[in-house]
Amino acid sequence: MAANAESPRFAVGERVRVRRADPPGHVRTPWYCRGHVGTIERLCGAFANPEELAYNRPGLPAQPLYRVRFRSAELWPDYRGGAGDVVEIEILQHWLEKA
Amino acid sequence: MRRHHDMGGLPAARCERDEHDYELWEKRVDALMMLLSARDRDLLRVDELRRNIEDLGAKAYDAMGYYERWMHAITQTLIQRGVLTIDEIGRKLAEIEGQDDGGKR
């Protein structure tokens, strides 16, 4: 973890909800997962915030990045694939809250 | 509200998996991007490129090809960074357009 980084707040297996927000600029949290609940699958490291890098600013402190696992039926209520199907999305910590 | 470019997760047409050849100008745009974003130059970050692409209006976003969007975003970033002036770009474009028809415009 980089020296100038936020501490991770979530543990593997913890349930998290993606914040519902629509900020301007370059946002890497896909729209279709906002507001939905998933499970922390792993911590991927900490990275300068791309939302700030997109305006040529430092984006520090770096934000922990998690791989979050969602049930496909959670994201798409009319999903007709397998019941065990999941989608994994990498999401920065400031987009997540305890579910 | 969902922004136009953020179309992941939506229903879509069948995915075309075939590779295709790139035009010379497309390869040049790719090379330009690599050179500008090289760490020792740092004249453009990929996040800036993406912001400028994502800020395109919906109609322009759909009408432009992949590398046309890159070209637009590279131009915008170099203006925002103060690398190129509007006047420099305007004059160069006029010069190039003039070459296409032998300068008889």
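This is a predicted model: local features need pLDDT of at least 70, side-chain atom pairs count only at pLDDT 80 or more; totals for chains, interfaces and linings use all residues.
Let's look at what chain B is built from. How spread out is chain B? Its radius of gyration is 16 Å, while the globule rule gives 13 Å for 105 residues; the value is well over the rule, so chain B is more spread out than a compact globule. Along the principal axes, the C-alpha atoms fill a box of roughly 45 × 35 × 30 Å. Of the 105 residues in chain B, 12% are buried.

Now zoom in on a pair of helices. Helix 1 of chain B (residues 24-37) packs against helix 4 of chain B (residues 66-80) at an angle of about 40 degrees, and their axes are 10 Å apart. That angle makes the two helices oblique to each other, and their crossing is left-handed. Which residues make this contact? Helix 1 of chain B brings B:Glu26, B:Val29, B:Leu32, B:Met33 and B:Leu36, and helix 4 of chain B brings B:Tyr67, B:Trp70, B:Met71 and B:Ile74. Sorted by class, the contact has eight nonpolar residues, no polar ones and one charged residue.

Finally, step back to see how the chains meet. Eleven residues of chain A are in contact with twelve residues of chain B. On the chain A side, these residues divide into seven nonpolar, three polar and one charged.

Note on methods:
Residues are numbered from 1 along each chain as its sequence is written. Chains are lettered from A and ligands numbered from 1 in the order in which they are written. Two residues are in contact if their C-beta atoms, placed from the backbone, lie within 7 Å. Ala, Val, Leu, Ile, Met, Phe, Trp, Tyr, Cys and Pro count as nonpolar, Asp, Glu, Lys and Arg as charged, and the others, Gly among them, as polar. The radius of gyration is taken over C-alpha atoms; the globule rule is 2.2 Å times the number of residues to the power 0.38. A residue is buried if 20 or more other C-beta atoms lie within 10 Å of its own, exposed if 12 or fewer, and partly exposed in between; C-beta atoms are placed from the backbone. Axes are lines fitted to C-alpha atoms, for helices over the stretch in contact, and angles run from 0 to 180 degrees between N-to-C directions. Helices (H or I, at least four residues) and strands (E, at least two) are DSSP runs, numbered from the N terminus. Angles under 35 degrees count as roughly parallel, over 145 as roughly antiparallel, 65 to 115 as roughly perpendicular and the rest as oblique. A crossing is left-handed if the near helix is turned anticlockwise from the far one by less than a right angle, and right-handed if clockwise.
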